[in-house]
Protein chains: 2
Amino acid sequence: MEAKEILKSSISKIATLSDTQFDYFFSHFKKHTLQKKEIIVRRGDMVEAEYFVVAGCLKSYFITPENKMCILQFAMPTWWASDYDALYHQTKATTILDCVTDAEVLSLSNDDREKLCKELHQIEYFFRWRTNKGFVASQRRLLSLMSNDVKYRYEELVRQYPQLYNMIPKNLLAAYLGVSRETLSRLYKD
Amino acid sequence: MEAKEILKSSISKIATLSDTQFDYFFSHFKKHTLQKKEIIVRRGDMVEAEYFVVAGCLKSYFITPENKMCILQFAMPTWWASDYDALYHQTKATTILDCVTDAEVLSLSNDDREKLCKELHQIEYFFRWRTNKGFVASQRRLLSLMSNDVKYRYEELVRQYPQLYNMIPKNLLAAYLGVSRETLSRLYKD
DNA sequence: AAATGAAAGTGATGTAGATCACGAACTTCA
DNA sequence: TGAAGTTCGTGATCTACATCACTTTCATTT
């Protein structure tokens, strides 16, 4: 399936757009073909777009002063990613967005998103819905981080996203779970 | 200032509504006067509304099987709160929402919000904006939880929300920071 | 095919923060 | 005003996980 079709199918699960409207919407996206490890948003960059994943996998993460990597999000196909803090507040990126695997993404600039949201009520509805979903997901993760131990968090992650288990190196899963790779390695002997 | 004025002023910072439009919007809210410790959303309830805080302070939290309290959010005046996971997915509440102090809130049902969002584009804009803000805030907190130690998190919290420091018992601050009250107590001798 | 580097396993040891236990001070309410 | 509940401080001990150090396996590049 083509990038355009994947986006269309993803949007139409939520919002109702005519073909003409969708074509107009789509005309604001740029397609990017990226290699494993390629960096999309660099720390310190001004961020002016967000990214819809068509194929492959991205990660957004923070590097602490002690050089520890903390992964905020993996982005699989049909997910969106960016440094939303920087994007919405028009400040410099504090997190990095890069490719875990070769990937294909569609970018939409902040200005175009806002323009489209104004022009088409259904687009605004879509983006409200999408952020609602992201908000709830990140609240859930917060809760899980506060209330469960590493073992349980790891099992939950594998249960909920079995694709990640095969696709993503364990050291990255550890950085997502907020645990050292050594500890994670010791855990899954069971 | 009256509840209506507080809501109006809060909304008008983001969205442009005529007086008539705002009055219509406001007509969907119900006012509630609540006492300290009063419970708004109980675990297991069906959640059908969200709450705008006019005065006082709420907290939303989860109780683990081991009886540990994990606070997801404090809600101060002009903030919104609910069990959004349950509200959006129309499932039973897993978190509790109650009053840290006596409080006055305005409730808006899920159905009315969706109806209003459909009817008035500016309302949809407002709610998209609000969730964006909440999403970014919870991503930030996630990052802080993963990358900073308790001491730093505590100092950040006090720096960012000095009101909380005086208003809220330390055991609740501990439950928000994800740390035992004893450890927190030992920390702020400095 | 050799070489470089990333990913992963594992032992030894260190440490931040949890848990338990007790007592003091401060609130709330009958 | 007295009693019960909340909040808070602090010592002693415990533990989950981090850190360091070394080795092995596997993947990538030239």
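Reply: Happy to! A polar contact here is a pair of N or O atoms within 3.5 Å, and within protein one of them must be able to donate a hydrogen and the other to accept it. Please keep in mind that this is a predicted model.

Me: With that in hand, how many residue pairs are in polar contact between chain B and chain A?

Reply: The count takes in pairs in which both residues are at pLDDT 80 or more. Between chain B and chain A, the number of such residue pairs in polar contact is 17.

Me: Which helix gives the largest share of the side of chain B that touches chain A?

Reply: Several elements of chain B each supply at least two residues of that side: β5 (69-75), α3 (84-89), α4 (110-119), α5 (121-147) and α8 (170-177). By type, the residues of this side of chain B divide into 18 nonpolar, eleven polar and nine charged. The largest share, 19 residues, comes from α5(B).

Me: How much area do chain B and chain A bury between them?

Reply: The contact takes 38 residues from chain B and 38 residues from chain A. Of the area buried, 66% is on carbon and sulfur atoms. The total between the two chains is about 3,600 Å².

Me: Which residue of chain A meets B:D85 in a salt bridge?

Reply: The count between chain B and chain A is six salt bridges. In the one that involves the side chain of B:D85, the N to O distance is 2.6 Å. The partner is A:R140.

Me: Are the buried residues of α2(B) on the same side or on opposite sides of the helix?

Reply: In helix α2 (residues 19-26) of chain B, the buried residues are B:F22, B:F25 and B:F26. They cover an arc of only 95° around the axis, so they lie on the same side of α2(B).

Me: Is A:S107 buried or exposed?

Reply: A:S107 sits in strand β8 (residues 103-109) of chain A, and its side chain makes a polar contact with the side chain of A:H32 at 2.8 Å. Residues that A:S107 touches include A:F29, A:A49 and A:Y51. The cut-off for buried is under 20% relative accessible area. With a relative accessible area of 9%, A:S107 is buried.

Me: How many of the eight residues of helix α8 of chain A are buried?

Reply: Among the buried residues of α8(A) are A:L172, A:L173 and A:Y176. Helix α8 (residues 170-177) of chain A is largely enclosed by the rest of the structure, because the number of its eight residues that are buried is six.

Notes. Residues numbered from 1 in each chain as written. Chains lettered and ligands numbered in written order. Predicted model: local features only at pLDDT ≥ 70, side-chain atom pairs only at ≥ 80, totals over all residues. Heavy atoms only, no water. Contact = heavy atoms within 4.5 Å. Buried area = accessible area lost by both parts, 1.4 Å probe. Salt bridge = Lys/Arg side-chain N within 4 Å of Asp/Glu carboxyl O. Helix = DSSP H or I, 4+ residues; strand = E, 2+ residues; numbered from the N terminus. Nonpolar A, V, L, I, M, F, W, Y, C, P; charged D, E, K, R; others polar. Buried < 20%, exposed > 50% of the residue type's maximum accessible area, 1.4 Å probe, protein only. Arc of directions from axis to C-beta. Lists of a residue's contacts leave out its neighbours within four places in sequence.
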